[in-house]
Amino acid sequence: MVNEKKLLKWQALAGDVKIEIEEGTSKDFDVYLRELVKWNRRFNLTGIKDPVEIQIKNFQDSMAVSKLIPRRILSLVDIGSGAG
């Protein structure tokens with residue numbers, strides 16, 4: 001369960017880039033963040049280690065560009081170059 005403080009943090013990050021997110025999305029983000037931090041210790045998934053920095057540099061950056069994706073798009077695949 002996401003507590004009120006965490007919920008407000010996710011909503012503030014979204015609001016900073018002029019989007020709104022639902023409570024369920026905040027909960028999903030929180031679970032994803034916890035798992036990313038946990039597994040990052042084992043496999044170095046991202047060079048960013050601080051959870052607050054991950055929220056800003058990974059989540060908030062993705063939120064910002066999400067405004068550019070047309071609403072009719074229902075799914076998306078990110079084919080990145082991997083670590084680094």
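1. Basis. The model is predicted, so that local features need pLDDT of at least 70 and side-chain atom pairs count only at pLDDT 80 or more, while totals for chains, interfaces and linings use all residues. Residues are numbered from 1 along each chain as its sequence is written, and side-chain values use heavy atoms, with hydrogens and water left out.

2. Core. The largest nonpolar core has 13 residues, among which Trp10, Phe59 and Met63 touch the most other members; such a core is a set of buried Ala, Val, Leu, Ile, Met, Phe, Trp, Tyr and Cys residues joined through side-chain atoms within 4.5 Å. At least two residues of this core come from each of helix H1 (4-16), helix H2 (23-43) and helix H3 (51-66), and H2 gives the largest share, four residues. Helices here are DSSP runs (H or I, at least four residues), numbered from the N terminus.

3. Phe59. Leaving aside residues up to four places away in sequence, Phe59 touches Trp10, Phe29, Tyr32, Leu33 and Ile54, where contact means heavy atoms within 4.5 Å.

4. H1 with H3. The axes of H1 and H3 come within 9 Å and cross at roughly 50 degrees; axes are lines fitted to C-alpha atoms, for helices over the stretch in contact, and angles run from 0 to 180 degrees between N-to-C directions. H1 and H3 are therefore oblique to each other, given that angles under 35 degrees count as roughly parallel, over 145 as roughly antiparallel, 65 to 115 as roughly perpendicular and the rest as oblique. On the H1 side the contact involves Lys9, Trp10, Leu13, Ala14 and Asp16, which meet Val52, Gln55, Ile56, Phe59, Gln60 and Met63 in H3. By class, the residues of this contact are seven nonpolar, two polar and two charged (Ala, Val, Leu, Ile, Met, Phe, Trp, Tyr, Cys and Pro count as nonpolar, Asp, Glu, Lys and Arg as charged, and the others, Gly among them, as polar).

5. H1 with H2. The axes of H1 and H2 also come within 9 Å, crossing at roughly 100 degrees, which makes H1 roughly perpendicular to H2. Lys6, Leu7, Trp10 and Gln11 of H1 make this contact with Glu23, Ser26, Phe29, Asp30 and Leu33 of H2, and its residues divide into four nonpolar, two polar and three charged.

6. Ser26. Ser26, which lies in helix H2, counts as buried because its relative accessibility is 0% (buried means under 20% relative accessible area, exposed over 50%, partly exposed in between, with a 1.4 Å probe and protein chains only). The C-alpha atoms of Ser26 and Gln11 are separated by 7.3 Å, with the two residues 15 apart along the chain.
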